[in-house]
Amino acid sequence: MELTEDKLEAVGARNGRKRVLQCTAMQIFIHVIVFCVFTASLCLLVYYIPDRSSIDGTQSPLLPFTTPQKTHLPTSLPVNTYSQSTAEYITAKPTTDTDQIGRLPRFVQPRRYLLNIRPFLYEDDVMYSLLNRSSTFDGWVRIEIECIESTNEITLHADPTLTLHASPTVIGLDTSNDDDILDSFSLVPQYHFLVLRLVHNLQPRKHYEVYIQYSGLMEGTTGFYVSEYNNKKGEKRLTGTTQMEGTYARRTLPCFDEPDLKASFDVEIEHRSDMIALSNGMELSTVELDDHWSRTVFKRVAAMPTFLLAMVVHDFQNISVVNEDGCLIRVWMQPDFMEDADVALNKSKMIQEYYASLLDMKYSLDKLDHVGVKDMAGAMENWGLIIYNERKLRDADNQFITHELGHQWFGNVVTMEWWDDLWLSEGFTSYMEHIGTDHVQPDLKSYEKFPSSTMSKAMNSDATSPVRRALKSPVSWERDSVESQFVSLSYTKGGSIAFMMKHFLDDGVFEQGVQNYLKERAFKNANVDHLWQELTYADKDNGKHNMKKIMDTWTLQAGVPLVTINRTVSNTLIVTQERAYFGFMQLPQPFRERYYIPLTYVHRSAPSTPAKLFLEPDNNETLINVEGAADEDWYLANYLQTGYYYVNYDSENWQRILDQAKIDPLVFSFQNRRGLISQTWDLSFKDIVPREIYMKLKQYFWNSTKEAVLTFDLYDLNLIADRGRASRPFLQKTILEKVNHVYMETGWSETTLIDPTVTPRSHTVMEELDLTSLACWYDNSDCVSRADGLFQEMITNPITASKWRPALRSLVLCNGVRHGGQVEWDLVWKLMHDATDYMEKTRFGVSLTCSTNITALNDFVASLLDSSNELDVIIIIKSLSANPIGRDLAWRYVQTHWDWLCASAHDPLAMTDLIEAITSFFHTRSKLQELIDFSAARDLGRLRHRYDFGSAEFNIRRNIQWIDHFSYQEERFIKIKDY
C-alpha cells in the first residue's frame, strides 16, 4: 500500500518531488493502534479535568474581610489566622448541561460534620457576638470529605447571608503532613457556591478536612431563626429554632446542601446557661463555659442529609416516656402549656410503635423529641427532633403527628436522591397518615375515607389544570424550583398512587415490597426505580407485575384518566381511556397521556366479587366479556374506589345504577356510594354526565350515606342561598332539616370536634364534617341548648372549663357569640384581650367571627392590626370568611393588607389557603374580575411557584357555571323531593 502526503515536510526529500511512504502491514497496524490510544487518552483527559466554566475572572470581593474585634469566640478550638488568600466575587457562566446547572460537582463527598454554633438571642448576648448584634449566631464547622475523583477544587454551599471571618483551611487526614493546602477561595452567589482552590490535586479515596469559621443571621423563618412568644406573665421569651428543608441548611453552615450527600453529624451548641439545647442526637453532656454560656454536646447521627439537621435552644419543659423498643420520647412545650402535652405524648408513643411493627423496622435513633414552636409553618420531620407549630402539637393533631412520624422512615431512613422524587417521602407519609390515625382513633375510619378525602382532592386538582405537572418532574437547583415541589400534588396524588398500588397488588405484596425497599435503601438515598424494583420482586410469585412499566405512566405523566365504558351486544363492554380535563382554558391540542389502569368491576349478579384487568396505554379500546352477568345487570367499575381514575358509562347503565340505588343502595359499598356522588358532581360540570344523575344519586343514597350527601348539599345549598335573598329562608330551613337528620343519628359528640383555630371552617365539598359544630351553626335546638349550658358553665367556672378539649372550648365560645347578644360579645371580647396565651387569644378571636352582627364584625376586623403580634390574624380572617355575612369583609381585608399578611405568614401555603377559603363561594363575574385584577397587581414572591391564584379562579368560574346552569334546576329538584 502506498500513502501520498501532499504537505509532508521536505526533510530528506530529494529534487522537490513528493514524498512517497511505503509501509508494511505491521507498520500500518501499529500506527492505527497508537492513534486509537492517543485519541482515547485525550477524551478521558477532557472528561476528567474539573470544569471551570462556571468561574469567570476576579471581581470585587464579596466580603470586606477585617480582623474580628471580639476576643471571646464561640468555639473550643482555635480560630484560623488569615492567609494571603482573598475571597473573589464570581459570576457563573452558563453551561449546556441543564441537569447539572447549579448542582454541586461530585469530585468530593462529605463524610462527617463537626458543627459548633452559638446563637445570640437576647441583648445581653450581643457583647459576645462577632457581628455585634442579637438575632445572629457564630459558628465553626469541620467537614471531613473523601475525594472521589482527583480535583484541585472543593465546591460546597454557603448562603450569601453567611459571613466568613477567616480564610478556610484544607488539610489532609491520611498523612502526617497537616499543612494547609488551600490556595484561594471564591464565592459564586448565583448558585450559593463557596469554591476552594487548592495548591495541588486531591487524591482519590483519601480523606481531607475543611475548616470554616463564620457568622449568620437568625432572620425570617428558615435556616436557624428566632421565634418569639409571651408567657402568661407577659414576658417576651425567645427561642432559637430551625427549618432547613429545601435549601436552607446553607443559611446555618457551609455544607454540601443536596439530599443525596448524606453524612454523619456531630453537633455542639453553645447556649445561655439558663436555656436548654436540643439537636437530632441525644444529649451526651452539658458543661458550663463561664457564668453566661454552656456547651451541650450531642450524640452522633449517621447518614443524614443536611435538610434534616435541627437545633432548638429554648426554655421549655417536657414530659417523657420510654417505648417498648427503649426509645426515649419527649414532648416539649412552653411551661404554661404543659397540661396539653399528655395526649400528644401518648399518641406519639402509640404511632411510633405501630409504624415500627407495620414496617418491620425499629425507629433508628435512641430518642425522639416533639417540640412545639410558635413561629413554625406546620411541622418538620427532622430526624430525632420533630418541630411543630405549637397549635398542632398542643391539639395533638392526628394528621401532623402521624405524618411527621411516618417521615422517620420515609424521608429520614430512606431519602430521595433529588427533589424531583419528593413524592416518595411526602406521598407515602400522606398515605401513612390514614393508617396511623385509624390506629389511635379507629372511630374516625380515616383509611376507609381515603378515596373520598385525599384521593378525590388530588383527582379534582389534577383534572382542572391543563398544565398540571407530573409527580416526577424536572427540578433545578433554584430555591423556588425546589420549593415548588412542596405542593398538594406531591402529598395527595403521591398518597393516592400508594393507595392504588396497595389495592391492585395481591394481599401482602405491597407491604412486603415497601419493607424490602426500606431495608435495601436504609441510610441511603433512593429514586423511584428503587421502589419499582422492590415491588416487582415482592410480586414475582403472585401477579408478576412489571411495576416500572405500569407506574411510570402514573409518575412521569400528568393528569388523571377518564375511563368510559359502553355496553355493546349482550355482556360485552368496550372500554376506552383519555386524560380527564374539567378546566375552562381552551386546550391547544388534545391530551396524549395514556396509562396502565388497574380496572376492577362488579355487576349485579356478583356485586362484591370484583374482576380485575389492566387497561394498556397502547390500546385504543379494550373489549371485556362480563362473565356470569345477566343481560339486565348493571356493572360498576373501580370497586371500593381504590383506583385513581374517573368512570363514565353509557346512559342505559347509568339508569340501571340509579334503579339499583333506589331499590337497595347498600348493594354498593360506602366507598362506591361516596365515589359515585363525588365523580358525578365533577363530571356534570363538563356535561360528561347529566346533572340529574348526580341529584338522583344524592336522593337515593341519603338514608345510607347521609354525611357524604350532606357535604355536597351544604355546598350546593349555600351557593343557591348566596344567589339571591328570595330563596334564602326556604333553603336555610332545608339545610337545617338535613343537618337535623344526621345529628339525630350521631348526637352530640365531643370526640369528633374539629378545632377551628387549627383547621378553620370552610363548608366546602372537600371538608371533613364536624357534625356537632355544624348542628350548632345551623341552629339545631338540642345542640344549641347544650352549648349554651356549657357557655354558662365556662363563665361561672373558668378553671374547670380551661381543662376542656380545645375544640370543645371553641364550639362553646362560637355558639355563645352567635346566639347571644351584646353581653356575650363583650364577655368574649374581654376574654380575648385579657388572655396571655397566644393560642387561647386566637381562639377567642375566632369565636368572635361567629357573630351575626355585621357592625360588631367590622369593628373587630378594624382592630386586628393593633393586636397582630398577639393574634393569628390569618386564622381569624379565614374563619371570618366561613361566616356568610363576613365573607366580603374578609376579602376586603385581604385586598387592603395583603403585603402585611404575606410578611407575617410563617408558611406561604397559609396565604394560598386563605384566598381559596375566602373565594370558595364567590359566584359572580364581578368577583371573578376582582380576583383577576388583584392577582395581576401583586408580586407573589415565594408564592409564584406554589400558587398563581389559578385554583381560586377555577373555583369561581365553576361556581358561576353552577349558578348559570344548575342552580334553578337543583332548587326545583329540592322543592319537589323529600329526602
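Among contacts in the chain between residues at least 6 apart in sequence, what percentage join residues at least 24 apart?

1. **The chain overall.** This is a predicted model, so please read each point below as a description of that prediction. To the opening question: 71% of the contacts between residues at least 6 apart in sequence join residues at least 24 apart. The chain has 979 residues, and 59% of them are buried. Its secondary structure comes to 30 helices and 33 strands.

2. **A pair across the sequence.** In sequence, V414 and N525 are 111 residues apart, yet their C-alpha atoms are 5.6 Å apart in space. Leaving out residues up to four places away in sequence, V414 touches K262, W409, Y517, L518, R521, A522, K524 and A526. V414 has a relative accessibility of 4%, and because buried means under 20%, V414 counts as buried.

3. **T306 in its loop.** Is T306 buried or exposed? T306 sits in the loop between β18 (301-304) and β19 (311-314), and with a relative accessible area of 2% T306 is buried. Setting aside neighbours within four places in sequence, the contacts of T306 are Y113, M244, A249, C255, F256, D257, E258 and F265.

4. D360 has a positive phi of about 55°. This aspartate lies in the loop between α2 (341-358) and β22 (367-373), and at 44% relative accessibility D360 counts as partly exposed.

5. **The largest cavity.** Rolling a probe the size of a water molecule over the atoms shows where empty space is left. A search of the whole structure turns up eleven cavities of 30 Å³ or more, and the largest has a volume of about 130 Å³. Its lining consists of 17 residues, with P451, S456, Q641, G675 and S678 lying nearest the centre. By class, the lining of the largest cavity holds five nonpolar, eight polar and four charged residues. Helices α6 (451-464) and α13 (670-684) each supply at least two residues of this lining, and α13 gives the most, with seven.

6. **The second largest cavity.** Which element gives the most to the lining of the second largest cavity? Again the name to look for is α13, with six residues. Strands β32 (635-637) and β33 (646-649), along with α13, each supply at least two residues of the lining. This second cavity holds about 80 Å³ of space and is lined by 13 residues, of which Q641, V647, Y649, L676 and Q679 lie nearest its centre. Its lining has seven nonpolar, six polar and no charged residues.

7. **Helix α18.** The 16 residues of α18 (residues 781-796) should span 22 Å at 1.5 Å a residue, and the end C-alpha atoms are 23 Å apart, which agrees. C783, V784, A787, L790, F791 and M794 are the buried residues of α18. Viewed down the axis, the buried residues of α18 fall within an arc of 130°, so they line one face of the helix. On the other side of α18, S781, S785 and T796 are exposed.

8. **Helix α27.** A similar check works for α27 (residues 925-936): at 1.5 Å a residue its twelve residues should span 16 Å, and the end C-alpha atoms are 16 Å apart, which agrees. K927, L928, L931, F934 and S935 are buried in α27. Looking down the axis of α27, the buried residues lie within an arc of 130°, so they line one face of the helix. R925 and A936 are exposed on the other side of α27.

Technical notes
Residues are numbered from 1 along each chain as its sequence is written. This is a predicted model: local features need pLDDT of at least 70, side-chain atom pairs count only at pLDDT 80 or more; totals for chains, interfaces and linings use all residues. Side-chain values use heavy atoms; hydrogens and water are left out. On a 1 Å grid over the protein atoms alone, a cavity is a set of points where a 1.4 Å probe fits but cannot get out, and a pocket is an open set with protein on both sides within 12 Å along at least five of seven lines; lining residues have an atom within 4 Å of a point. Grid points are joined across faces, edges and corners, and a volume is the space filled by probe spheres set on the points. Helices (H or I, at least four residues) and strands (E, at least two) are DSSP runs, numbered from the N terminus. Ala, Val, Leu, Ile, Met, Phe, Trp, Tyr, Cys and Pro count as nonpolar, Asp, Glu, Lys and Arg as charged, and the others, Gly among them, as polar. The expected span of a helix is 1.5 Å times one less than its number of residues. Buried means under 20% relative accessible area, exposed over 50%, partly exposed in between (1.4 Å probe, protein chains only). The arc is that of the directions from the helix axis to the C-beta atoms. Contact means heavy atoms within 4.5 Å.
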